[in-house]
Amino acid sequence: MKAAAASSFGPPEVLRLQELETPVAGPGEVRVKVKVAGVQPFDAAIRRGWVPPFLAVQPPAVPGNEFAGVVDQIGDRVTGVETGTEVIGFSTLGAYAEYVVVPADQIVPKPAAMPWRIAGGFSGNGQGAHLALSNMGVHQGDTILINAAAGALGTFAVQLALKWGAGRVIGTASEENHDYLRSLGAVPVTYGEGLVERVRAVAPEGVDAALDAAGPEALRASAELVKDRTRIRTMLSFDEARELGIPLFGPGRSQSRLQSLVDLWEEGGITIHIRHAYPLAEAAEAHRVVEGGHGRGKMVILVDDEA
C-alpha cells in the first residue's frame, strides 16, 4: 500500500510517499480503506521524534490519528460491522495510508450526507474539544475563553460550549478571522500582548473557564483571567500548566464520544471549515502549514484523490 511515512525523525521533508506492507485485521479489529485523513499538531510532533509515554514508535512511522473510509476487512470476534460500511474513526498512528487497522470500537458509521473531507478531519479535534470542555466544565450562563478559537479544535470548542449552555464564548484569533468567529457565535478578541486587558474589556464580570490551544502566553493569560484554575485546560503547554497548577488530562477518545459528536453534526449543531486538502504525496507540506499555526479551520489529506 502507499503511505506517507517517516524513515527517520526530523523536519517535514522526512515524510515521504512510500510502499509499505498492507496491514491485516486481527481479532477484534477492522481494516479500513482510507479516503481522507486529518492533520493535527500531534502528528507533526510524532514526526519530529516526540514519543508519548503510552506509545512505541519505530521508523518507518506513518502519522495520522483520524480518518474516514470504507471497511474492507473484518477480524475474528467482530460483530455488528459489515464490509462496505462507510465509517469515521480514530487511531494513534497509521492514518496517512491507503489502509489502516484499528479496534472495532474505534469507528462509527459515517452519515451519508457528511462529505468525506469533513469526515476525515472530524474525530481528532472534535473529541479533543469535547474532552477538554467536559473536564473543565461548562455551566449554564458561563463566560468561556477559547484561545486559538478559529483553528480546528477551537471551532469545535466554541460551538460545543454554546451548545452546552455557555452564556458567552470569547475567542482569540487574528483580526482576519474575527468575522468567522462571529459566524460561530463567539465574541472575537485579538491574541497577543495585552490579551488580558482586551478580554477584561469585553467581559468585565470575569471569565469562568478557559481552554488553551495557542501556547504558553495564552495559558498564562488564562490563569490571570480565571479565578478557579481547575477550570482551565491546555492542549499544548503541559510544562507551564504544571507550573501554574492547572490540571492536565489524559487520553479520553471513545466510540461513544465520537458518536455523540456525529449525532450533533447531523442535527446541524456543528459546522466545520476545511481550510485545505492535500494529496497524500504532499503530506510534508501539510505538516509545514499545521506547524505554522494561526490558520482557520481544518486541514486534511486526500488518500483517495476522488474524495
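This is a predicted model: local features need pLDDT of at least 70, side-chain atom pairs count only at pLDDT 80 or more; totals for chains, interfaces and linings use all residues.
Trainee: Which residue stands opposite Asp212?
Mentor: That's Thr234, in β12.

Trainee: What order do the strands of that sheet come in?
Mentor: It's an open sheet of 5 strands, ordered β10-β9-β8-β11-β12, and the pairing is parallel. The twist from one strand to the next averages 15°.

Trainee: And which are the edge strands?
Mentor: β10 (187–190) and β12 (232–234), each of which pairs on one side only.

Trainee: Which strands does helix α6 lie across?
Mentor: Helix α6 (residues 195–202) lies across β8 (143–147), β9 (168–173) and β10. To β10, α6 runs at about 155°.

Trainee: Switching to the core. Which residues touch the most other members?
Mentor: In the largest nonpolar core, which has 45 residues, they are Phe122, Leu133, Ile146, Val169, Leu181 and Ile270. Helix α4 (residues 152–163) gives the largest share of this core, 6 residues.

Trainee: What is Ile146 in contact with, leaving aside its neighbours within four places in sequence?
Mentor: Among its partners are Leu133, Ala157, Val158, Val169, Ile170 and Leu211. Gly154, Gly171 and Thr172 are in contact with Ile146 too.

Trainee: How many residues are in the other core?
Mentor: 37, including Val30, Val62, Ala95 and Ile301, and that core lies apart from the largest one.

Trainee: OK, helices. At what angle do α3 and α9 pack?
Mentor: Helix α3 (residues 123–136) and helix α9 (residues 255–266) pack at about 105°, and their axes are 10 Å apart. That makes α3 roughly perpendicular to α9, because angles of 65 to 115 degrees count as roughly perpendicular.

Trainee: Which residues make that contact?
Mentor: From α3, Ser123, Gly126, Gln127, His130, Leu131 and Ser134; from α9, Arg257, Leu258, Ser260 and Leu261. By class, the contact of α3 with α9 has 3 nonpolar, 6 polar and 1 charged residues.

Trainee: Last topic: do β3 and β4 pair in the parallel or antiparallel sense?
Mentor: Antiparallel: strand β3 (residues 29–38) and strand β4 (residues 66–74) pair over 7 bridges. Arg31 stands opposite Gln73 in β4.

Trainee: How many bridges join β4 to β5?
Mentor: There are 5 bridges between β4 and strand β5 (residues 86–90), and these two run antiparallel. Val70, for example, stands opposite Glu86 in β5.

Definitions and conventions: Residues are numbered from 1 along each chain as its sequence is written. Side-chain values use heavy atoms; hydrogens and water are left out. Axes are lines fitted to C-alpha atoms, for helices over the stretch in contact, and angles run from 0 to 180 degrees between N-to-C directions. Helices (H or I, at least four residues) and strands (E, at least two) are DSSP runs, numbered from the N terminus. Angles under 35 degrees count as roughly parallel, over 145 as roughly antiparallel, 65 to 115 as roughly perpendicular and the rest as oblique. Contact means heavy atoms within 4.5 Å. Ala, Val, Leu, Ile, Met, Phe, Trp, Tyr, Cys and Pro count as nonpolar, Asp, Glu, Lys and Arg as charged, and the others, Gly among them, as polar. Two strands pair if DSSP finds at least two bridges between them. A nonpolar core is a set of buried Ala, Val, Leu, Ile, Met, Phe, Trp, Tyr and Cys residues joined through side-chain atoms within 4.5 Å. Buried means under 20% relative accessible area, exposed over 50%, partly exposed in between (1.4 Å probe, protein chains only).
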